[in-house]
Amino acid sequence: MSEVLYRKYRPKSFSELIGQVQVKDILSKVINSDNPSHAYIFSGPRGTGKTTSARILAKALNCTSEGPKPCGVCDSCKSIDRSSHFDVIEIDAASFRGIDEIRKIRDRVSYRPSMGKYKIYIIDEFHMLTREAFNALLKTLEEPPENVVFILATTNIEKVPDTILSRCQIYYFKNLTVSEISSYLKKILTSEEIEFEEKALERIAYAANGGMRDAVNILERIITVSDVVDFKSVKDTLGLLPDEIIENYINLYSSNNLSGLFEFSKNILFEGYSFENLLDQTIERLKEKMLKGYISKSEGSELINDFWSIFKEVKLSENKKSVFDTLNLFKSYKFSKNWPHDHNIEEIEKIKEIKVEKISGESPEKIPDTNMKNEFVNDMAENLFEEGNILEWAYLLSSDVQEKEGNKLFLNCNNKMMRSFEKNVKDIIINRAKKYNKEIIFNGNDDVDLHLLDNLPEAEKNYVNDLIDFFGAENVKISK
Ligand SMILES: Nc1ncnc2c1ncn2[C@@H]1O[C@H](COP(=O)(O)OP(=O)(O)O)[C@@H](O)[C@H]1O
Ligand SMILES: [Mg+2]
Ligand SMILES: [Zn+2]
């Protein structure tokens, strides 16, 4: 394949353009009326057909055929398809933002078209023009010469000054639907004589998020490495995780299998998957299961809620694994009623008995008893130190960290906060730290300002609050 797909299959007439029904309807009337306006704005998300439509319109306006326009075969149509028409000028404002370009237009705009009936300027991403350039453009639009048509395309219409908007006809391009995109991909593959699975095309369409160019690009990536476009090749290309992994994650999480979850997250990174993809797919899968009635609505929405909040925080965080692990630990605790077989019945019963009204008073929640808590802290400390990520602990226990002499960590702690943690928590941390050759020294001090924590980014604030919540230190919660 010598030519990239999206260029090769760029629609050459409105009948080939997928979707955008309203736009096509009105533009077809414009073409037939033979009385175009001086300026059009094509607004809409990227890859939905704006530049394509601009070229089709330009062709139709200059087409010399007597029949339906654009004919696609006259000299004018052909040269526009080759981008070599003298009177159809394309400018990419993203690369040429300056006034010089627009001045050039203004200087030349008064010359009559040399080859066709209209002189047509297609300005892509024209919201990127500088203010001076906008003003120059505006002057031209105020007194447009005969036979000049501007087609202005933009993905950010809100950045365009009203003075310009009011002088243009505006067309809104929409995101394409999954079925619109799949049908187009199907057409390409059929003509390229490449085998495919319907289901695979739908998955590409879904990943492309409404943009045809992205969909075609994904398709291109797949067929350069695979002879067929099947679900597996799509998954490999998009970094999608196999269903078994998703199922495994849901099981580990909803059974609160902590050691399993640690092992799992290591493998995810090892296999080269991203936590974002994992969580995104898990949420989709749960929705599907709920719809099909495989899981109850209440269980499904509880899990989706959890994964969604983990997703948001992982996305914002730099140390994704650490946040992923720690939030899995916190949030999956509520499923400890399903605590699996490696714990004895007695323990399970104990956990069930403990119902603690949360301070917020909304819903009674189960939290693990003290023994369990030790295990939890152990697990978590293990994990955080392993990651070399002691900062979370520092946030938790102090508002100021100073590392000295390499392995000694001095934490300036607010006394009130320290008192609100159980002693064993502190001991576990100190012992864990020793194992990793770190010595932690807590400096109790009433002057340490807890409000420092208020300046953390939202995601970290939630994270710290979750930690504080878990240890039951409600009186030191930081403000949202
Ligand atoms: N509505 C559509 N129908 C068919 N193909 C499309 C459509 N929109 C975009 N494409 C495909 O995507 C490519 C890029 O489209 P383009 O018109 O440049 O998008 P935009 O200018 O809106 O970013 C085209 O070459 C074509 O292959
Ligand atoms: Mg474009
Ligand atoms: Zn023609």
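Predicted model: local features only at pLDDT ≥ 70, side-chain atom pairs only at ≥ 80, totals over all residues.
The shell has 21 residues, and Arg10, Gly49, Lys50, Thr51 and Thr52 come nearest to the ligand. Sorted by class, the residues around ligand 1 are ten nonpolar, seven polar and four charged.

Helix α10 packs against α11 at an angle of about 105°, and their axes are 10 Å apart. Angles of 65 to 115 degrees count as roughly perpendicular, so α10 and α11 are described that way. The table shows who takes part.

| Helix | Residues | Contact residues |
|---|---|---|
| α10 | 212–225 | Ile218, Arg221, Ile222 |
| α11 | 231–238 | Ser233, Val234, Thr237, Leu238 |

This contact of α10 with α11 has four nonpolar, two polar and one charged residues.

Now for the interior. In soluble globular proteins, nonpolar side chains tend to be buried together. Here the largest nonpolar core has 39 residues, and Phe42, Leu57, Ala58, Ile120, Ile151 and Leu152 have the most contacts inside it. Helices α2, α3, α4, α5 and α6 each supply at least two residues of this core, as do strands β1, β3 and β4. Apart from it lies another core, of 22 residues, including Phe262, Ile268, Phe275 and Phe307.

Which residues does leucine 152 touch, leaving out those up to four places away in sequence? They are Ala39, Tyr40, Ile41, Ile123, Phe126 and Cys168.

Terms used. Residues numbered from 1 in each chain as written. Chains lettered and ligands numbered in written order. Axes fitted to C-alpha atoms, helices over the stretch in contact; angles between N-to-C directions. Helix = DSSP H or I, 4+ residues; strand = E, 2+ residues; numbered from the N terminus. Parallel < 35°, antiparallel > 145°, perpendicular 65-115°, else oblique. Contact = placed C-beta atoms within 7 Å. Nonpolar A, V, L, I, M, F, W, Y, C, P; charged D, E, K, R; others polar. Core = buried A, V, L, I, M, F, W, Y, C linked by C-beta atoms within 7 Å. Buried ≥ 20, exposed ≤ 12 C-beta atoms within 10 Å, placed from the backbone. Near = placed C-beta within 6 Å.
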